[in-house]
Amino acid sequence: MARTAEEHLSPPSVQGDAYVHSSVYTDPDIFGEEEEKILRRTWKFVCHVSEVAEVGDFRAHQWTGVPLVTVRGNDDGIRTFVNTCSHRGAKIVREPAGNMKHMTCFFHMWEYDLFGNCTYQPRGEAYEELGPAREDLSLREIRTDVFAGLVFINFDGAAESLRDYIGEAGEPFEEIFNNHELEVFHYNQTHVRGNWKAWYLTNCDLYHEWSHLVNRTTSVLTPGYHDRPWRMQRNGHGYNAHLIDGSPFQVQYKKYKSWKNRDDLVFKGLAPGEFRVTDIFPNLSVFFRATCIRLNHSTPIAPGHTIMEERGLGIKGESKEDRRSRSKQFIQIWGPFSRNASEDCAYVEATHACQENGANPYDLMSRVEYFEDQVHERIHSDAYLRHFYGEWGRLMGRPANNPRNFMAAAE
Amino acid sequence: MTITDDQIRNLIHKSCRFLDAEEFDDYLDLYTEEFEYRITNYSREIRREQEWMDVNRGEMKGLLANVPLHFRLLGSFMRHATVYEIERDGADTAKALTYVTIYYTTPEGATSVWAVGRYHDVIDVSGDTPLIADRNMKLETREVGIGTHLPM
């Protein structure tokens with residue numbers, strides 16, 4: 001029997017951490033609070049070191065609405081600055097990437113060196129009477145660090161170190177990343193009409209793989225698929241890397257019409273066809289598919305607007321033929337014309353369309369599939385989703401299943 | 001028999017019409033046995049050329065055969081193509097440059113420009129009818145929403 005309106009709006013009859021209220025995806029106040037309490041206090045992925053390989057190489061980006069530029073300095077250090085001129089606040093670097101000797105604001109031609117120092121003001125002597133002194137006009141620097149070739153920033157100067165923050169969640173990918181000199185060969189970004197958490201959690205909700213034809217044919221029906229446990233880590237991270245007995249999970253790519261198994265070009269440290277995913281809170285996912293590495297990250301713009309970013313990594317210096325093969329395999333699964341990522345975008349937009357008008361008041365995450373040990377949970381469990389919202393609730397100081405009432409009570 | 005420029009234009013226009021109509025068998029018949037098809041662009045973010053689709057006949061055939069089985073973008077595409085240049089490249093091949101605008105219409109009937117780009121084609125003109133031997137759809141557009149499973 002269909003539910004009445006009252007029944008539909010009542011919380012699901014499950015334990016509290018097994019559902020969240022849809023307002024966490026749609027409420028502008030909650031989004032603003034997330035920016036302050038989560039996004040500006042945790043380590044945020046920026047780019048791969050290969051994108052800023054040479055002195056003067058830069059990547060312009062933004063985080064929580066703040067324009068930023070990450071640049072490799074003359075001392076080889078990678079730094080991030082707020083990308084706005086100390087004079088009248090114009091954005092300084094306007095290209096997404098490039099190489100520069102210094103940063104010049106196009107408005108009044110003020111210049112900054114790659115350490116963020118203000119080094120030139122046309123007719124600068126006119127500031128001598130009222131000030132400020134030029135040395136007080138340097139750019140604001142944002143804490144920047146690198147882990148396994150991945151560049152991160154953190155607005156919070158008091159946060160724990162990047163290595164401590166990632167902790168054991170780095171195990172499934174750090175060694176493989178360090179086995180090679182990697183470079184980004186694929187990039188695309190998509191403006192998704194959905195919430196940043198919904199995008200990220202699609203990477204962590206592997207139950208949805210039933211819906212992808214590729215995953216259904218090459219993975220879900222493959223022996224061992226369900227024998228992989230979620231490994232939860234502190235700070236909201238987690239990964240799914242091996243079968244419970246420690247052996248790799250090997251995808252059968254040849255089961256998809258016209259595809260071949262991935263036995264060649266496999267990254268050192270992986271088995272042929274091996275799949276792994278590591279999720280770094282709050283929104284970076286690192287995927288391996290034997291020959292391909294995917295970095296998936298997003299930039300939240302508004303509750304229902306997220307910029308999704310996709311990067312593919314290859315081995316620097318590999319032959320043209322090998323790169324083409326690797327690229328072909330990457331874009332079969334990930335990319336705007338792929339068999340997987342474009343479908344994920346559609347899932348996120350479809351759910352958001354129902355969440356933003358209240359048609360779907362709760363997001364259910366009550367799947368539990370234990371191994372025989374009754375401790376570890378299998379691949380199609382919602383364990384990681386609950387783990388994510390546990391960390392979200394800790395940082396936000398409220399449960400995700402009732403965030404608005406909590407806000408009202410606090411007022 | 002010499003293949004005329006009009007025959008080449010007709011071939012390129014057919015490739016658009018067959019894709020619009022999702023008449024995939026007819027679309028594949030426009031290509032040589034050994035053809036290669038790519039969708040490429042220049043990424044300003046990573047400062048390099050990149051491929052977003054790269055398939056040969058077998059891979060294209062498998063891809064198109066599976067399209068109806070995939071969950072995918074609903075609605076339809078319409079390709080508007082203008083052949084700007086045809087250059088003879090010896091007796092057996094010609095090169096054609098075509099500007100393409102792709103419109104997307106939602107299931108509700110709203111239409112917008114989805115992407116713009118250029119076909120860089122190599123045409124096999126050695127037989128009775130021209131065939132596409134190589135197509136590079138070089139996209140100017142780099143933001144294509146949730147994407148699609150189809151060649152462009």
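User: Which residues of H3(A) and H10(A) meet?

Analyst: The model is predicted, so local features need pLDDT of at least 70 and side-chain atom pairs pLDDT 80 or more, while totals for chains, interfaces and linings use all residues. Residues are numbered from 1 along each chain as its sequence is written, with chains lettered from A and ligands numbered from 1 in the order in which they are written. From H3(A) come Glu33(A), Glu34(A), Lys37(A) and Ile38(A), and they meet Trp392(A), Leu395(A) and Met396(A) of H10(A). Contact here requires C-beta atoms, placed from the backbone, within 7 Å. The names H and E stand for DSSP runs numbered from the N terminus: helices (H or I) have at least four residues, strands (E) at least two.

User: What makes H3(A) and H10(A) roughly perpendicular?

Analyst: Their packing angle is about 95°, and their axes are 9 Å apart. Axes are lines fitted to C-alpha atoms, for helices over the stretch in contact, and angles between N-to-C directions run from 0 to 180 degrees. Under 35 degrees counts as roughly parallel, over 145 as roughly antiparallel, 65 to 115 as roughly perpendicular, and the rest as oblique. H3(A) and H10(A) are therefore roughly perpendicular.

User: How many residues of that contact are nonpolar, polar and charged?

Analyst: The contact of H3(A) with H10(A) has four nonpolar, no polar and three charged residues. Nonpolar covers Ala, Val, Leu, Ile, Met, Phe, Trp, Tyr, Cys and Pro; charged covers Asp, Glu, Lys and Arg; the others, Gly among them, are polar.

User: Why is Ser126(B) called partly exposed?

Analyst: A residue is buried with 20 or more other C-beta atoms within 10 Å of its own, exposed with 12 or fewer, and partly exposed in between; C-beta atoms are placed from the backbone. Ser126(B) has 14 such neighbours, so it counts as partly exposed. Ser126(B) sits in the loop between E5 (111-124) and E6 (131-139) of chain B.

User: What makes E15(A) mostly covered?

Analyst: Six of the six residues of E15(A), residues 275-280, are buried. Phe275(A), Val277(A) and Asp279(A) point one way, and Arg276(A), Thr278(A) and Ile280(A) the other way. In a regular strand, side chains alternate between the two faces of the sheet.

User: How do you know that E15(A) pairs with E14(A) and with E16(A)?

Analyst: Strands pair if DSSP finds at least two bridges between them. E14(A) and E15(A) have three bridges and run antiparallel. E15(A) and E16(A) have six, also in the antiparallel sense. Asp279(A) is the bridge partner of Gly238(A) and has Ser285(A) as its partner in E16(A). Three residues lie between E15(A) and E16(A), which form a hairpin.

User: What makes the span of H8(A) close to the expected one?

Analyst: The expected span is 1.5 Å times one less than the number of residues. H8(A) has 14 residues, giving an expected 20 Å, and reaches 20 Å from its first C-alpha to its last. Gly335(A), with a positive phi near 130°, follows H8(A).

Methods. Two residues are in contact if their C-beta atoms, placed from the backbone, lie within 7 Å.
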